[in-house]
Amino acid sequence: MSAENTTPNDHANPAVDGSELIRFDKVTKRFGDNVVLDNLCFDVASGKHVTLIGPSGSGKTTILRLLMTLVKPDEGTIKVAGDYLTHEEKGGRLVPAGERHVREVRKSIGMVFQQFNLFPNMKVLRNITEAPVHVLGMGKDEAEERARELLELVGLTDQMDKHPSQLSGGQQQRVAIARALAMRPQVLLLDEVTSALDPELVAGVLDVLRDIAHTTDITMLCVTHEMGFARDISDDVLMFDEGRVIESGAPEKIFSEPEHDRTREFLSAVL
Amino acid sequence: MTDLTTGLWGLLFQGVWVTVQLTVLGAALGAFVAFVVGVARTNRLWIVRFLSGLYMEIFRGTSALVLMFWVFFVLPVAFGWQLVPMWAAVLSLGLTYGAYGSEIVRGALASVPPAQREAGIALNLTPWQRLRKIVLPQAWPGMIPPANNLLIELLKGTALVSVLGVGDIAFGASLVRNALGDSAPVYTIILVMYFVIAFVLTRGMRALERQAKANLGQAPERSGLFGKGRRSATSAAASIGGK
């Protein structure tokens, strides 16, 4: 894992060794005149857990939304497992990808949202089985069997016949985690997954995520304000400011002896 | 009232049957048109949005009565085929009320939070699967109350067909009035007939709404005459804690 911006820093982009699962290459994203991501380059190696930190508006969530194809980059390319995510090669040229290509590459990515976004028209079990059955073509029995296993993992087997609206926020978020895992993603994107929860419900969700981080080889990209959690699970931490990575490294280093003033300011404000 | 013979009552009840048929068939065609046009208006291709918007503007902006005349009298001249009055009426009503209904569908689709669509993308569902399995089921309960209004408008709109000589309630009533030479009794009777049909339709739509809300895990609000819906926990809590 390494990060690089237009301004050179200590973490030079390593030679392509094929181990990186995600590669951002000179990605720029603007919303109107506001440059959210500025010529961003970074890689994430397979199986790594990377946490993105930084002040709000620094572009962390936009990175996850770009990877989930919820927004499109204005410039640059994103690769997942060696394939272009938002582009495809036609006649030796890169053109914006069609829906079919995007769906093919996107199937290795799953996402958990800040507001859970469970489907209120489906009960808990069907929230989890719907996509495996209709997207992966899994048999209904197999999908339900697997959904039960996942509900056990997140500790909610007794809630599977309820509507999402009957669950607490913490329970809903654990169902959302199970729903994302049911698609067997290689990459799991976690977008401030505890920010909408009451304080006493945060620990339960973080415990589930710690468990997943320590027992699976799923690559995780995580935007969070829970610094203790970030320290526990991360292999690398990227500090963002104004659309750029200003500092990156192991969590011990970033949290204990940050090099950058901006990082120090940010950490003293949130810790 | 006592002057109405069994035969005259028969005319009115035949009329009721024709009005019910017109309402049901017109609503079926109208609902189909409303869904197709309403969904098309959210399509990502501008040409699909343009054509569906054009349809909606034209059929909403013209009168169902004139359209009925047009279908019945102009189509045969222009294309050489003649619809029976009943089908000309159903077609005109369905196309017109479908245009109104498309706005209900479009509005309800737009009311589903964009985050639901994003969750569908994150699970790699196709655009069609997102619409059918996520967005439409959530938009559906919100369509029912305005669709109920429209359905009752349609019921009353069926009275237009009497000008084509279709024997609906209004047509039956004019025959009865001519026979009796008195307007008051027969128009009072059909006033009640329309009301009863409308009331039955409303009860049906309320049942549909309760069912639709239950599918989303929501308790229906208590409302209307003889409503059976329980007050939801949230509204009960609000009325205790509120003010």
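Two strands are taken to pair if DSSP finds at least two bridges between them. On this basis, the predicted model holds an open sheet of six strands in chain A, in the order β9-β10-β11-β4-β12-β13. The pairing is mixed. Strands β9 (109-112) and β13 (244-249) of chain A form the edges, each pairing on one side only. From one strand to the next, the twist averages 20 degrees.

Strands of a sheet pair through backbone hydrogen bonds, either parallel or antiparallel. Strand β12 (residues 236-241) of chain A runs antiparallel to β13(A), and five bridges join the two.

The interface between the chains was examined next. Here 18 residues of chain B are in contact with 23 residues of chain A. On the chain B side, the elements that give two or more residues are α5 (114-122) and α6 (127-157). Helix α5(B) gives the most, with six residues. By type, this side of chain B divides into nine nonpolar, seven polar and two charged residues.

Residue B:K133 lies in helix α6 of chain B. B:K133 counts as buried because 20 other C-beta atoms lie within 10 Å, and the class requires 20 or more. Leaving aside neighbours within four places in sequence, B:K133 is in contact with A:E130 and B:L125. B:Y55 stands 78 residues from B:K133 along the chain. The C-alpha atoms of B:Y55 and B:K133 are separated by 27 Å.

How values were computed: Residues are numbered from 1 along each chain as its sequence is written. Chains are lettered from A and ligands numbered from 1 in the order in which they are written. This is a predicted model: local features need pLDDT of at least 70, side-chain atom pairs count only at pLDDT 80 or more; totals for chains, interfaces and linings use all residues. Two residues are in contact if their C-beta atoms, placed from the backbone, lie within 7 Å. Helices (H or I, at least four residues) and strands (E, at least two) are DSSP runs, numbered from the N terminus. Ala, Val, Leu, Ile, Met, Phe, Trp, Tyr, Cys and Pro count as nonpolar, Asp, Glu, Lys and Arg as charged, and the others, Gly among them, as polar. A residue is buried if 20 or more other C-beta atoms lie within 10 Å of its own, exposed if 12 or fewer, and partly exposed in between; C-beta atoms are placed from the backbone. Axes are lines fitted to C-alpha atoms, for helices over the stretch in contact, and angles run from 0 to 180 degrees between N-to-C directions.
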